[in-house]
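Dear colleague,

Please find the structure below, followed by a summary of what was found in it.

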Amino acid sequence: MALASCQRGPIVREAIDGDTIILSDGTRVRYIGVDTPEKDRPYYQEATDFNRSMVAGRKIRLEYDIEKTDAYGRHLAYVYLKDGTFVNAELLKQGYAYVYTIPPNLKHTEQFVKFQRRAREEKAGLWGVPVDPESSYVFSARGRAFHRPSCEFAKKIGKRNRIQVADRGKAFDRGLAPCRKCRP
């Protein structure tokens with residue numbers, strides 16, 4: 001495994017949502033390992049405001065993992081404040097994000113799942129929002145998202161790779177993210 005590289009000193013010009021920032025030079029940075037609610041979902045504004053209050057106008061340190069950019073040209077990074085605060089982790093701890101890992105960038109996955117579990121148990125942030133539960137949820141043994149059983153993507157999972165869990169918590173404890181289509 002290649003060593004992760006670090007870049008020191010960029011300043012955050014803008015936090016455009018809960019998990020993406022723009023640096024003073026125009027570089028877009030997507031936080032690795034976390035996902036925050038999208039614009040039309042509960043807790044979007046709170047996550048965006050929290051991220052903005054943490055990083056806007058501040059000098060940060062970027063830590064890269066294996067892949068440095070995504071398909072959209074954004075830099076993928078773990079973000080740290082000058083005082084050492086780990087922004088990605090703080091979003092999870094405070095309940096503004098959930099774990100969203102995409103291989104090969106998995107460096108902090110175990111730690112992130114622990115932070116998420118604690119926030120979920122404490123009903124912090126988005127974990128305190130009531131959800132319409134299903135009797136079970138499904139995911140692929142090779143995937144990173146979980147689905148409602150009726151989801152079109154869930155129906156495409158082959159029987160050999162299909163795993164069923166009794167509740168959302170068990171899916172989140174495995175480090176899975178909710179499907180963006182069926183929104184379990």
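**Surroundings of Phe 112**

Beyond its neighbours within four places in sequence, Phe 112 is in contact (heavy atoms within 4.5 Å) with Ile 32, Gly 33, Val 34, Tyr 78, Phe 86, Asn 88, Ala 89, Leu 92 and Val 99. The model is predicted, so local features need pLDDT of at least 70 and side-chain atom pairs count only at pLDDT 80 or more, whereas totals for chains, interfaces and linings use all residues. Residues are numbered from 1 along each chain as its sequence is written, and side-chain values use heavy atoms, with hydrogens and water left out.

Phe 112 belongs to helix H3, residues 109-121 (helices are DSSP runs of H or I of at least four residues, strands runs of E of at least two, numbered from the N terminus). With a relative accessibility of 1%, Phe 112 counts as buried (buried is under 20% relative accessible area, exposed over 50%, partly exposed in between; 1.4 Å probe, protein chains only). The C-alpha atoms of Phe 112 and Val 99 are 6.4 Å apart, although 13 residues separate the two in sequence.

**Salt bridges**

The whole structure holds 12 salt bridges (a side-chain nitrogen of Lys or Arg within 4 Å of a carboxyl oxygen of Asp or Glu). In one of them, Arg 30 and Asp 35 have their closest N and O atoms 3.1 Å apart. Arg 30 is buried at 8%, and Asp 35 is buried at 1%. Both belong to a network of salt bridges that also links Asp 19, Glu 38 and Arg 180.

Lys 181 and Glu 152 form another salt bridge, at 3.6 Å from N to O.

Yours sincerely
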